[in-house]
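I opened a new structure today and started with one of its chains. Here are my notes, in the order I looked things up.

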Amino acid sequence: MHTDPPEPSATRRRLSARGAALSPRRRLAGALTGLVVLPLLTVGLAQLRDFVNLPSQTLLYLLAVVVVALVGGLVPALAAAVTAAVLLDHYFLPPLYDFAVADPDNVVALLAFLLVAGAASSVVGLATRRREAEALATANAESREEFRRLAREQLALRRVATLVARGLPPAEVFAAVAREVGRVLDADSTNIVRFDADDAATVVASVGRRPEQVPVGTRWKPEPPLSTATVLRTGRPARSDDYGQAAGIAGDAVRRLGIRSGVATPIVVEGRLWGAINIGTQGEPFPADAEQHMADFTELVGAAIANAEGRTQLEESRDELRRLADEQAALQRVATLVARGVPRAEVFPAVAQEVRHVLGAAASMIARLDPDGAITVVDRVGEDQDGLPPGSRWRPEPPLALAEALRTGRPARCDDYSHASGAFVDATVRTMRIRSSVAVPIVVEGRLWGVIVAGVQHGRFPADTEQRMAGFTELIGTAIANAEGRAQLEESRDELRRLADEQAALRRVATLVARGVPAAEVFEAVAHEVGHVVGADGAGISRLDADGAITVCAVVGSLADELAVGSHWRPVPPLALAVVLRTGRPARNEDYREDSGLPPLGIRSGVAVPIVVEARLWGVISVASRHGPLPADTEVRMAAFTELAGTAIANADSRAELTASRARIVTAADDARRHIERDLHDGTQQRLVAISLTLRLAQATVPPGLTELQDQLGRVADELTGAIEELREIARGIHPAILSEGGLGPALRTLARRAAIPVEIDIRTRIRAAGPIEVAAYYVVSEALTNATKHARASCAQVAVDQRDALLDLSIRDDGVGGADPAGGSGLIGLRDRVQALGGSIEVDSPPGAGTAIVVELPLQPG
Amino acid sequence: MLRCLIIDDSPHFLAAARGLLEREGVAVVGVASTGAEALRCVEALRPDVALLDIDLGGESGFEVATRLHRDTGPPPSRVILISTHAEQDYAELIAASPVIGFLSKSALSAGAIRDVLGSGGDGESATPVNGPPGT
């Protein structure tokens, strides 16, 4: 690489080959010198003609020629020699002021002068030319040296530039630059410093004879007379040649290194003073252009730093992007879980895991804030967490991050656990060797719900950790709010379902009430529905009797085995039943230890509500549970049923009254008709019969011959008999006497015999029903047979009577045209009223063309 | 002469019936208006026939007839049921009753009694005296 220094012989050889001429500039200078010196000398010598003799004059001219030779080389010197000879001849050789030479000696002298002058000119010119050549050679050599230095410098710069371009770490670039600068400028010590924000300088590279004296990382405040201080102050290159007063570690180092002179040049990165390159030497001060040389390097250093910073920023932003992407992906995953509405139990571990992953934490935990200020671990991930099981409760205290976060409702961190203590600290910080933690509160719909906390075992969390966790806490908040909303929805749905069930139960009972089924049946249904609706083990309805005791009217569920319907007993407080009877208001009891008059039923909770019928306490509905307290709204929900039960009872009462009064009306009418028939029979008929007999006696008594009178009496008797017959028929229509005398069977058979069509009669009972019942049955059959004959044009009919339990079953069928409408007039309506008034039922099945079937059920006793 | 006992709770009928029957040659040996009275009279008077009203006040003529048949005699007294009702109304009960026949009160006469006695005097079943009414 290095060019060898040129040999002196080569220089000479080159010089001779170049010829004898000096540069035209020097020749001109020689000529001008001659033009100046010779006239002056001539004028001077002319003035001193009397004191200077010819030899001296000659010598002086010779001297002038030598001078010209020295200045301009051989050619001007020769010209000067000729000129000097002419001037000498003209002014000083006689004849004066003439070019002729009088004295031949003088001619010789002039010739000698010319020769000597020429020789001298030649010698001097040669010498001058050599000196010129030598000077040129020296200059050449110097510029060659300079070139080599430049080349080295360029090389150094290129090496550094290569390093910079290769993107090596700044530290390596710095070291290389320092090395190259030191080498290029032949420094004994070179270092590069960075200026920090506090105007301190930090050594980033140090090379030289003893680099350990100024190790990398050394930091000091540059102060005058250090050149670094000047650079820092002015931003321009500076040098220092006197370190005697230098203070501080830099001064000490400078003295230890024996630095006597130093130069510092600024490193400027993107317009701002970044640092400086310092060089120092133990010898002579650096050449004046040292700063300039260094400038190239500082520029490179600046570029390297700018590069490195740019790359670092790029890397950082790339890392940041990756981190953000990771974080976004994590958030997305969690958000998906939340959006899918997976249970909180699944969201929490996912969040804890993602937070741990995103933050690069050793552990993370989600905890719920309890009303008492303690926390409950909801979920946690990480190592060595056995001491922190989910569900465990803690009471962490400051300076723990989560305690702070819960206290302030704001993110908090803790980087110093030296003063932390307590069970939580033992279970977490100590066991898990947590060095730094960050906690962020979880807020659900404006209320502090809990906290998420993450911890690391090494180093500290970056400053933006809280911010990054916030995204997760928001998601958790949403998940919790979602779950709570869903739970509320479920609850309200359950509530709706419950209400619907309740309404359905009420409707079923109401339907029974409206259908007017017997109260006992309603009671049973109410007890069943109430027990079911309130979730009781048993339910019952009891009637308050006049003596203050109660009679069980209905009982369902597990109580049914112990408390039979119809049982009569006297409840005592604290039984809810007894309290209701005393206060007339709903009551509940959850203390069954004392003797309550009940058999040992194992009841733990009982509720009773009053049944009020027409402003009077009628009885009680009570429910009981063997499995703990009945719900708080049990009383309210039973109320609707008690109202229905009350209505059913009132209905049943009024219906019973109506039925009874209808029956009474029917019975009264029957009685009245029977009395009329009786009176007719016992009174009028007997009298008429007596009159009829008396008349026939009178007829027999009429003397023979009074034929006309006999005939008249006979006609009257016959008329009377007819009237009696008619009256008999009328009486029978008013009331069939046979019923009273012989009962239903004979009466019906009589009907059958009297019917206009054949009647098949089948009576399977001999039991006597109550009078109104038999009358009703009689009229049913009578009317049915009349219908069959008159309207249905039947050819025959069947009548069946049977008795089943307390019911009398009647059926009348014919083979007539059918089409009888029980609502469309005819005697069937009267039958229906009569039968129903007595508590019976009647069904008429009369499809057109298929005969008529009438089926009647009558109680043996009316009611 | 046929000896007859009339059992009826209607004094008008008793008077009219006695007058008519005696005029027609039947000896009305006594009258009764209750079941107990009827039993005593039958025991004491031993009539050839007892005319017994089905509607004997509060008592049932059928029951009195049964008692007369069961509690008097031997031989059991012969009873003819009488009523203002049609025989058909009571046909079943009459048939089941220990009587020799039935006579409608308005058709009562010595001849009618003799007819009943003649046709079924020794039998248990009565012969209808008048046709089915109302048909």
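Predicted model: local features only at pLDDT ≥ 70, side-chain atom pairs only at ≥ 80, totals over all residues.

I began with the parts list: chain B has five helices and seven strands. (Helices are DSSP runs of H or I with at least four residues, strands are runs of E with at least two, and both are numbered from the N terminus.) Reading from the N terminus, I got the order β-α-β-α-β-β-β-α-β-α-β-α.

Residues are numbered from 1 along each chain as its sequence is written, and chains are lettered from A and ligands numbered from 1 in the order in which they are written.

Next I checked burial. Of the 135 residues in chain B, 47% are buried, meaning 20 or more other C-beta atoms lie within 10 Å of the residue's own, with C-beta atoms placed from the backbone.

Then I zoomed in on H1(B). Its buried residues are Phe13(B), Leu14(B), Ala16(B), Ala17(B), Leu20(B) and Leu21(B). Just after H1(B), I found Gly25(B) with a positive phi of about 95 degrees.

Last, I looked at where the chains touch. Chain B puts in 24 residues and chain A 28; a contact needs C-beta atoms, placed from the backbone, within 7 Å. On the chain B side, helix H1 (11–23) and helix H4 (91–96) each give two or more residues. H1(B) has the largest share, eight residues.

How values were computed: Contact = placed C-beta atoms within 7 Å. Buried ≥ 20, exposed ≤ 12 C-beta atoms within 10 Å, placed from the backbone.
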